Amino acid sequence: MPAPHRTSLHLADVAIADEFWSPRRETVRTRTIPHQETRLREGGQFAALLLEPRSHDGDDRERFPIFWESDVAKWIEAASYVLATGDHPELDAALDKAIELLAGAQQEDGYLNNYFTAVKPGKRFTDLRDAHELYCAGHLIEAGVAHYEATGKTTLLGIVRRYADLIAREFGPGGLCEGGYDGHQEIELALVKLHRATGERRYLDLALLLTDNRGRAPFYFDAEAERRGDTGYFGGHWSPGGAYVRTSRRDREYNQSHAPVREQTEAVGHAVRAMYQYSAMADLALELGDQGLRDACERLWDDLVTTKLYVTGGIGADPSIEGFGKPYDLPDHTGYAETCAAIGLVLWAHRMMVLTGEAEYVDVLERALYNGVLSGASADGTKYFYGNPLASDGTVERSDWFDCACCPPNLARLLTSLEQYVYVADTDGLYVNLYVTGSARLAHAGRRVTVTQESDYPWDGNITLRITEAEAPLHMALRLRLPAWAPGAAVHVNGEPAGYRTERGYAVVERTWTRGDRVELTLPMAPVLVRADPRVTAAHGKVAIQRGPIVHCVEEIDNAAPVPRLVIARGGALRTEHADGQDAVIAEGLVDGPAADGLYSSRPTAAEPTAIRTVPYYAWANRGKGTMAVWIREAP
């Protein structure tokens, strides 16, 4: 049976006027997007679309990276979302110029990837495992859909449709890549978006084909390497011995091709690739009512959130593969937690909520969004983290840019499309997933209704929703997410305790609404100490501090000693101060003194009382270098 029809509201039907999010989104619009355009032009990504690869010493991969189209595409997508919610003529013109470059670079048959046009002509679709062709195609398709839905212009949409049609021919029966799939997943979820934007079933069928091809024996990448006769784009990196057929299970796990996706039970391999794959599986399960894909998603989700999820919502503990480690292996100093992976988790979690109607997925989405995603950019929006460790010895700082610049535009496109994560509608009414001041317009039972939100979330747990427009009295279910961190939440309607039922993590207030009705949700917001499963050895004997959805960390600049010398007192009081637009939590604690007799001593070290001050994890590394940690030792 197909899942109930739930859908995000269109960006233009959601307004955000929030003291937390609006300034950040304005920073993205006015600083981050222009900064990224400048860096993409300086770096050569735009010049590459003119078939002018940079000329300097070094091999082809250095002077013309294979993933450049994806960087430009994500920038176009982010900028398109800005156009969807406002009039910005200069940005509109800049997008038109970028799209003109893409149109000029497209081949007659629809192909669009300049690495294989300018650097390796005649080699297209011969290195699906490593060469990122379908990854770039996926981001181009997402950009094309976003630009069309924001502006109504069809130029870029037409470009990506021609490319998608070529891919369908090449991967269909008798095509060059029959039985194949991509090494870096992305196109699958993009094709679902293209299907939804155009109504063309063939794009949905192609997404399903690529998904179901993955992991089947005989393994496509082995046969591809045999035909090609070389190690592939990254072959030298992964195969020091020079063998061009990689057959180990770990190599296949890296891109989740070790088994058919419907049979997979553990989140393994490269974390970003996994998130994009699982997002597509959830989309396909929803569109097709595919229970096998849904079951696989739920198994994989359970494995991730119970054994491989950082308290910040970051994922990917192993820097060597930018991906998952063993269960409970969540190191703090060396953990990777790539910004793109946290963004991918937001994408997957949202899709899982739409598929199932369960609030537990939004709890994880919120954890990742407010912590693991936001930490990826500096306060001024022009410096970035690629990985997001949970501890620093004082040497970690954000970078102005990266040679592989996937994370900065990915962060921009998520924050500029935040509207689609706040609400979900179905035939019964409206889900309120995120608490963001603003409004939502929707049609319910053929009538228009507008719901507004007001709050100082995430610093305050008092949220007010109002029916500010309704065409006659309207019977509708209003579902308010009850975060797992907020036991004891209360709901009132028009000042009186509400009669509501709790269903799948939501407080469901179902009644006949009229204009002016008011709902008040109160979420407890006291700071708490969080402890990890003892199998997480990096956090054993330590605690983290969380208030509402915000995970805090301790920075040296705010405290009396380097962070490793600080100890939180067990049972000590926690208090909150609000300053400079954010909370700080102050905990009772101790400062360890030096050893009594040199480097080592048999006598106990001295310890003095101190107040340990925290900042939100997303805000660290904005005030210079220094030690930092999320997990702090707890006094026995």
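Reply: Start with the sheet itself: 7 strands make an open sheet, in the order β2-β6-β7-β8-β14-β10-β11, and the pairing is antiparallel. The edge strands, each pairing on one side only, are β2 (14-16) and β11 (496-497). On terms, helices (H or I, at least four residues) and strands (E, at least two) are DSSP runs numbered from the N terminus, and two strands pair if DSSP finds at least two bridges between them.

A word on what you're looking at: this is a predicted model, where local features need pLDDT of at least 70 and side-chain atom pairs count only at pLDDT 80 or more, while totals for chains, interfaces and linings use all residues. Residues are numbered from 1 along each chain as its sequence is written, and side-chain values use heavy atoms, with hydrogens and water left out.

Now zoom in on one pairing. Strand β10 (residues 490-493) runs antiparallel to strand β14 (residues 518-522), and 4 bridges join them.

Asparagine 494 has a positive phi of about 50 degrees although it is not a glycine. With a relative accessible area of 33%, asparagine 494 is partly exposed; the scale here is buried for under 20% relative accessible area, exposed for over 50%, and partly exposed in between (1.4 Å probe, protein chains only).

Alanine 445 sits in the loop between β6 (438-444) and β7. Its phi is positive too, near 55 degrees, in a residue other than glycine. Alanine 445 counts as exposed, at 67% relative accessibility.

Then follow the chain into the loop between β7 (447-454) and β8 (462-470), where you'll find proline 458. Tyrosine 457 and proline 458 are joined by a cis peptide bond, with omega at about 10 degrees.

Proline 218 belongs to the loop between α10 (201-213) and α11. Helix α11 (residues 220-228) has Tyr220, Phe221, Asp222, Glu224, Ala225 and Arg228 as its buried residues. Those buried residues pack against α13 (249-254). Just after α11, glycine 229 takes a positive phi of about 80 degrees.

Next, strand β20 (residues 582-592), which is where aspartate 583 is found. Aspartate 583 is buried, with a relative accessible area of 4%. Its side chain makes polar contacts with two others: with the side chain of arginine 547 at 2.4 Å, and with the side chain of histidine 578 at 2.8 Å. A polar contact here is a pair of N or O atoms within 3.5 Å; within protein, one must be able to donate a hydrogen and the other to accept it, and residues adjacent in sequence count only if both atoms are side-chain atoms. Leaving out residues up to four places away in sequence, aspartate 583 touches several residues, among them Trp459, His552, Thr576 and Val615. Contact means heavy atoms within 4.5 Å.

Lysine 542, in strand β16 (residues 542-547), is partly exposed at a relative accessible area of 23%. Its contacts, not counting residues up to four places away in sequence, include Asp332, Val530 and Trp631.

As for cysteines, a search of the whole structure finds 0 disulfides, a disulfide being a pair of cysteine sulfur atoms within 2.5 Å. Take cysteine 136: its closest cysteine sulfur is in cysteine 404, 10 Å away, too far for a bond. Cysteine 136 is buried at 0% relative accessibility, and cysteine 297 is buried with a relative accessible area of 0%.

Finally, step back to the whole chain, which has 19 helices and 23 strands. Its radius of gyration is 25 Å, close to the 26 Å that the globule rule gives for 636 residues, so the chain is as compact as a globular protein of that length. That radius is taken over C-alpha atoms, and the rule is 2.2 Å times the number of residues to the power 0.38. Of the 636 residues, 59% count as buried. Among contacts with a separation of 6 or more, 69% come from residues 24 or more positions apart.
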